[in-house]
Amino acid sequence: MGTLLEQPSDCLAEWVIATDGHAARRLPLLEMARRIISGVIEAEPQARRVLAIRLERWRYQHLDLRRGEANCMDLRLAEVLDLATNRLLGLAERPPRWTREAISHTGIDWPELHEALAALDARMPLDQVTAKAAALTAAHFSIGGRRRMFLYAPLYLSSHCVNYCVYCGFRFPNAIPRRHLSIEEAVHQAEILGQRGIRHILLVAGDYPRLTNVGYLSQVVRRLADCGFSTAVEIAPQGTLAYAELAAAGACGVTLYQETYNEQLYAIYHPRGTKCSYDWRLEGLERAAEGGMQRLGFGILLGLADPREDLAAMMRHARYVARRFPHCTIAFSLPRIYEAPAGFQPPFAISDELFVRLYCALRIAFPKAELVLSTREPAELRNRLARICITQLSAGSSTVPGGYENGEAAASGVVGPAAAAGFASTCGGWEQRGGQFPVCDNRSPAEVAAWLTDNGFQPVWTPGAGTPTAVVPTNPQ
Ligand code: SF4
């Protein structure tokens, strides 16, 4: 523990007084933490939790304030606050966070990471790369000779959002029809998905604290668990205790894409709103694991930055997190921007070939990780990647809250078997309908499952069902 907790009058405390206009309010919090942790005073669990939340918030406020200018004193204060929060929450002792350093530290690279990055080079024959990725996937994700494929669907709970992410249909200034589902409406949507065969639901929500707070999300998770669904969440980054509350309610995982690891570009793409905080997002999956989440989903949004640099940073990030939480399952997704809201053109074009190489690179560097592919991509490409390295597919998705109402497909003008079965497509006019992004693969879950079965896969609907031991490795690299 940093010396500030042992000697509150040391030079760090003096530095806080000299540099922080809120020092008079904040330093007593540290003194209180010091006294509780050292056993001088006792505190009820609730008092410890409240104090931990305040120290955690102070840490990220400070990192945001000093972004790009942090000196050794800033980092020392951040470390003290980090470890004090951890101790107040009674979590296992651990080294201080090292996330920022990890994503750019080539010293932690491992041989497979070099091999993975080499696979991105266009001079490396593509079939050689895909063959390697396919062999690794078959070795770790087969059941009785058949490749296992986990199927799930997203359930959009709310399109309200306070953020300004330039690439997103839900961004605050966009004039779209917005909707926030009540608990009963969310259960109704899940029941529709259940009728279509879905048993695992990824709950997705914009960042709108008044509506999509942890109390609301926990209630949805609980109600869906009562209905027999397993859930994971793709929501704004939360504090450690909020993740713990969601895990206690039954959520098994967190998907949290960094979007881009390039901090300068990150600031440009997230000009306003809570998502401005790079560190809060970057360390979110660690807080999720400390809160008890079992599955951690990493991702970058392709099109925003140099994909090779972002992929390397994400792989280092995942390696660092996997080593800290060896009991957790690691997953990756590579969403690609096809169509952004008016006024934003993604500066980095990602060809299909590079897209395939990026997924193969992940498989080479992380042979046992779950690789997830959404309905952003067209069916033909999804089928191709499923044969190579994908282990989890979403199916029959809508990115509109309430989008699973039967009959919407007819209204949207979609034709073919998916429309006949009542499935919604947001591939055209997605903004007008209030979607987050266009959906390109409109096949129903049954159609995706039928394709999988016909092509030698074993479709799996429930987490853990038919799961080879390799899926939850002791060392998930
Ligand atoms: S990407 Fe997420 S946080 Fe950003 S505007 Fe969209 S819903 Fe909100």
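# Helices, a ligand shell and selected residues

Helix 9 is followed by Gly197, a residue whose phi is positive, near 105°. The protein to which this helix belongs has 20 helices and 10 strands, where helices (H or I, at least four residues) and strands (E, at least two) are DSSP runs numbered from the N terminus. The model is predicted, so local features need a pLDDT of at least 70 and side-chain atom pairs count only at pLDDT 80 or more, whereas totals for chains, interfaces and linings use all residues. Residues are numbered from 1 along each chain as its sequence is written, and side-chain values use heavy atoms, with hydrogens and water left out.

**The protein as a whole**

- Of the 477 residues of the protein, 58% count as buried, a word that stands for under 20% relative accessible area, while exposed means over 50% and partly exposed lies in between (1.4 Å probe, protein chains only).
- Among the contacts in the protein with a separation of 6 or more, 74% come from residues 24 or more positions apart, a contact being heavy atoms within 4.5 Å.

**Helix 9**

- Helix 9 covers residues 183–195, and its 13 residues reach 19 Å from the first C-alpha to the last, close to the 18 Å expected at 1.5 Å a residue (1.5 Å times one less than the number of residues).
- The buried residues in helix 9 are Ile183, Ala186, Val187, Gln189, Ala190, Ile192 and Leu193, and they pack against strand 2 (146–158), strand 3 (200–205) and helix 10 (214–226).

**Helix 16**

- Helix 16 (residues 352–365) has 14 residues, which should span 20 Å at 1.5 Å a residue, and this agrees with its end C-alpha atoms, which are 20 Å apart.
- Helix 16 is mostly covered, since 12 of its 14 residues are buried, including Leu354, Phe355, Arg357, Tyr359 and Arg363.
- The elements that cover the buried residues of helix 16 include helix 7 (111–118), helix 8 (126–140), helix 15 (307–324), strand 7 (329–333), strand 8 (370–373) and helix 17 (379–388).

**Helix 2 and helix 5**

- The axes of helix 2 (residues 11–19) and helix 5 (residues 72–88) come within 11 Å and cross at roughly 110°, with axes fitted to C-alpha atoms over the stretch in contact and angles running from 0 to 180 degrees between N-to-C directions.
- Helix 2 and helix 5 are therefore roughly perpendicular to each other, a description used for angles of 65 to 115 degrees.
- Cys11, Leu12, Trp15 and Val16 of helix 2 make this contact with Met73, Asp74, Arg76, Leu77 and Val80 of helix 5.
- Arg87 also belongs to helix 5, and it counts as partly exposed because its relative accessibility is 28%.
- Although Arg87 and Ala33 are 54 residues apart along the chain, their C-alpha atoms are separated by 9.0 Å.

**The ligand and residues in loops**

- The ligand is surrounded by Cys161, Asn163, Cys165, Tyr167, Cys168, Phe170, Arg171, Gly206, Lys275 and Gln436 (a heavy atom within 4 Å).
- Ala342 is found in the loop between strand 7 and helix 16, and it is exposed because its relative accessible area is 75%.
- Glu259 lies in the loop between strand 5 (251–255) and helix 12 (263–269), and its phi, near 70°, is a positive value in a residue other than glycine.
- Glu259 counts as buried because its relative accessibility is 7%.

Conventions
Angles under 35 degrees count as roughly parallel, over 145 as roughly antiparallel, 65 to 115 as roughly perpendicular and the rest as oblique.
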